[in-house]
Amino acid sequence: MKDRATFRIWRTQPGGGGGFRDYTTAVSDGMVVLDAVHRIQAEQAPDLAVRWNCKAGKCGSCSAEVNGRPRLMCMTRLNSIDLDAPVTVEPMRTFPPIKDLVTDVSWNFKVKKGVRKITPRKPDAPDGTYRVAQRDVDRVQEFRKCIECFLCQDVCHVLREHAKFDEFIGPRFFVYAAQLEMNPIDSADRVRDMKEKAGIGYCNITKCCTKVCPEHIHITDNAIIPLKERVVDRFYDPVTRLLHMLR
Amino acid sequence: MASATTYTYDVLVIGAGGAGLRAAIEAANSGVTVGLICKSLLGKAHTVMAEGGMAAAMGNNDDRDNWKVHFADTMRGGQYMNNWRMAEIHAKEAPDRVRELEGWGAVFDRTPDGRINQRNFGGHRYPRLAHVGDRTGLELIRTLQDHTVYLGATVHMEHTVIELMLDGGKAAGVVAYDRERGRFHLFAAKAIILATGGAGRAYKVTSNSWEGTGDGIGLAYRAGAELIDMEFVQFHPTGMVWPPSVRGLLVTEGVRGEGGVLKNSEGRRFMFDDIPDNYKPQTASDAEEGWRYTQGDKNARRPPELLTRDHVARCINREVKSGRGSPHGGVYLDIAWIKEKLPHAEEHIKRKLPSMYHQFKELADLDITKEPMEIGPTMHYMMGGIRVDGDSQMTTIPGLFAAGECASGINGANRLGGNSLSDLIVFGKRAGEFAAQYARGIGQPRLDESAAERAIKESLAAFERGSHGENPYSLQQDLQESMNNLVGIVRTEAEMQEALGKIQQFQERWTRVGIEGHREYHSGWHTALDLRNLLVVSEAITRSAIERKESRGGHFREDYPEKVAAFGTINMMVKQVPDRGMAVSRVPIPPMPDELKQVIEEQKT
């Protein structure tokens, strides 16, 4: 491995706008992109803004676009990228910039509040115990691995290209809704909301979200498509519609 | 004040990890107004990194378990330095706190009969840790976070508190800045709950995230609160040692719970060589019995790898220092060997320890189902912290409460794995409940705006010194280096005196820290401000550790390697004395009621 590499990092201007600036720094075996950014911060650019917490791929804070791909900086090893050319590091482009690599992701927190919360059924024992089989929660647990890095939101063209922030909740919150819908102790119904409020129809299953998920959640196949099927069954299936009309 | 906006709440919670969120939920449910300040985005706090599980004597996997066994385990693990009232409350209330999480959306792993599955962990007699694979912390924080946002608590994300303000000796409010713009905000509150977690960032090798800078401990200390047990620092035996950039990153005890064994470079399972007398009756006599224990055999005793963390960490330290370590200065932790015992071992490991598999694969290019991991001790947890009342979690300052890692008492000289997540929900709830009760009983306190003005001015001084001042990052690195080398796992008087001298130099250097640029999201500035708390914590650890001239739990002294009975009845207490700085004194541990003594006696066999 080379012992120095150049990182082309996005820096914002105080008044708005920004541009790339090159920083060359020492690199070594086993380093990740976030290490390089930290080294640059400590030695060359103390005011460089970067959001991070755990540095272990568990908190989902250090999302960015490395050489144009949405990644967690802490899980992107330098030996997995080409260091002969400058490595570009820029913020997630779907969200408004705050400073340098930090973006304003507050929209996501607002959207979550709009998803109908869990409504638990009565426990199976007076002490609050629920009896639930492991096979009935395997899928739910897959969804609950989500670390809320919002890379799936960043890459989704409905948000990124078409800016449907008011009509579409994005892959992260389909996963969130799906884990509630499939939780065996939940008794709420979110199917109408998926169609009317969440804009699930906008998703045309390009699976970009699945590809960038650092937790390898099958977002499209396991969460979005089953939710779409529930919407179709309820609202578009001729037999069901007839039954609804007769009732 | 022109420079600051003001918010007013009945209860203000500082910190949004497990304890802070649980406190906010309880306070909000009781009908008072609640503000929640967190240093990061919601859901990113260090709790998210907890892996193994939360300890609660539900008895789902072994019906011999109950609160008495859990209480006795916690006290034994803490070398009887614990606040016994907290250990009792914790053992009794943890099962309800865990079960209620399911109604809020948590989805735990299940037993074959559909109940919450519980796993073995070091120092726990029976399988006791409710868990979700090896990402239990994520499950806890997400559940509490999602529950909180529907309750009407106001969340102030990416805000850092720099000063705690009192009114007539009682908690009155805080001064904070927001990261995004670097603006200052005043928060007035009748009751304040500190839930700021630990201070791992005082050490070079730590499992803690950047936020662990001892903010609550520093704020409380400067406001005049008492700290106790600061000498008891937990070094987790198994942190990653390679690559260097992740040195210290946690490798869950769950690996050993699932049958992982520790070996030195000679291939020897060295943990069998040194088993403390008080644990001998509960420890396996050979490898075969240890393996059976990890597979749920109720007649087997636990393998020595699952002895308490302080002991295991010291054994690893000894192997490395004796030249029997691995190439990168650790020892080997081997889970791959279980393929000799289990069919489909590879799949089994991936299912039981998914994050560990992922972590080593992605960060170290190592497949844990095939090769042993290299691990070594890492600073993990502060047993010490702010002194609180066992029932209410109120500190020695009226209206100021503390819960979770920043508070002290439940763990004594050494914490058992799994007791931290349950601590957060048991005492987070209590802090929320009693803070709300306290807030309902008093009027609105008055904020001293000139004190706030002073605090703000002080926090901006580093900008005036500009780039000619001390580099905050270098100062932090020097502090971490000193604490790691001089006040680490094995301590001596001479080294700690040296550390104390250095800390005084660091404090002096801190007054010269300089930075340039704007206040918006300025990491250098944040580091400079965090350092003030890290310096308080480092000094408190060092001074307390010098005073405790014995070895006990997380505190091991080469010059006093034995336990001393006289130190078994006192806690070290640290307090700021006007014009004299930091003072350490000894406070007697209150005598334990007879019924609790009896519980401990019953569990000794």
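Predicted model: local features only at pLDDT ≥ 70, side-chain atom pairs only at ≥ 80, totals over all residues.
Local features are described where pLDDT is at least 70 and side-chain atom pairs count only at pLDDT 80 or more, while totals for chains, interfaces and linings use all residues. Residues are numbered from 1 along each chain as its sequence is written, and chains are lettered from A and ligands numbered from 1 in the order in which they are written.

**View 1. Chain B as a whole.** Let's start with the overall build: chain B holds 17 helices and 21 strands (DSSP runs numbered from the N terminus, with helices being H or I of at least four residues and strands E of at least two). Its radius of gyration, taken over C-alpha atoms, is 23 Å, close to the 25 Å that the globule rule gives for 605 residues, so chain B is as compact as a globular protein of that length. That rule is 2.2 Å times the number of residues to the power 0.38. Along the principal axes, the C-alpha atoms fill a box of roughly 70 × 50 × 50 Å. Of the 605 residues, 61% count as buried, meaning that 20 or more other C-beta atoms, placed from the backbone, lie within 10 Å of a residue's own.

**View 2. Domains 1 and 2 of chain B.** An automatic or database domain assignment sets the bounds here: domain 1 covers 4-232 + 383-448, domain 2 covers 239-379 and domain 3 covers 450-575. The C-alpha centres of domain 1 and domain 2 of chain B are 29 Å apart. Where these two touch, domain 1 of chain B gives 23 residues and domain 2 of chain B gives 25; contact here means C-beta atoms, placed from the backbone, within 7 Å.

View 3. Five strands of chain B line up in the order β17-β15-β10-β20-β21, with mixed pairing (a pair needs at least two DSSP bridges). The edges belong to β17 (407-408) and β21 (581-588) of chain B, each with a single partner strand, so one side of each has no neighbour in the sheet. Helix α16 (residues 523-547) of chain B packs on this sheet, touching β10 (227-228), β20 (570-577) and β21. The direction of α16 makes about 45 degrees with that of β21(B), using lines fitted to C-alpha atoms, for helices over the stretch in contact, and angles from 0 to 180 degrees between N-to-C directions.

**View 4. Where chain B meets chain A.** In this view, 47 residues of chain B are in contact with 48 residues of chain A. On the chain B side, α3(B) supplies the largest share, 5 residues.

View 5. Most residues other than glycine have a negative phi, and most peptide bonds are trans. Against that background, the peptide bond from B:Trp242 to B:Pro243 is cis, with omega near 0 degrees; B:Pro243 sits in the loop between β11 (233-240) and α6 (254-257) of chain B. B:Gln393, in the loop between β15 and β16 (400-402) of chain B, has a positive phi of about 70 degrees. B:Gln393 is buried, with 30 other C-beta atoms within 10 Å. In the loop between α15 (493-510) and α16 of chain B lies B:Tyr521, whose positive phi is near 40 degrees. B:Tyr521 also counts as buried, with 24 C-beta neighbours inside 10 Å.

Definitions and conventions:
Buried ≥ 20, exposed ≤ 12 C-beta atoms within 10 Å, placed from the backbone.
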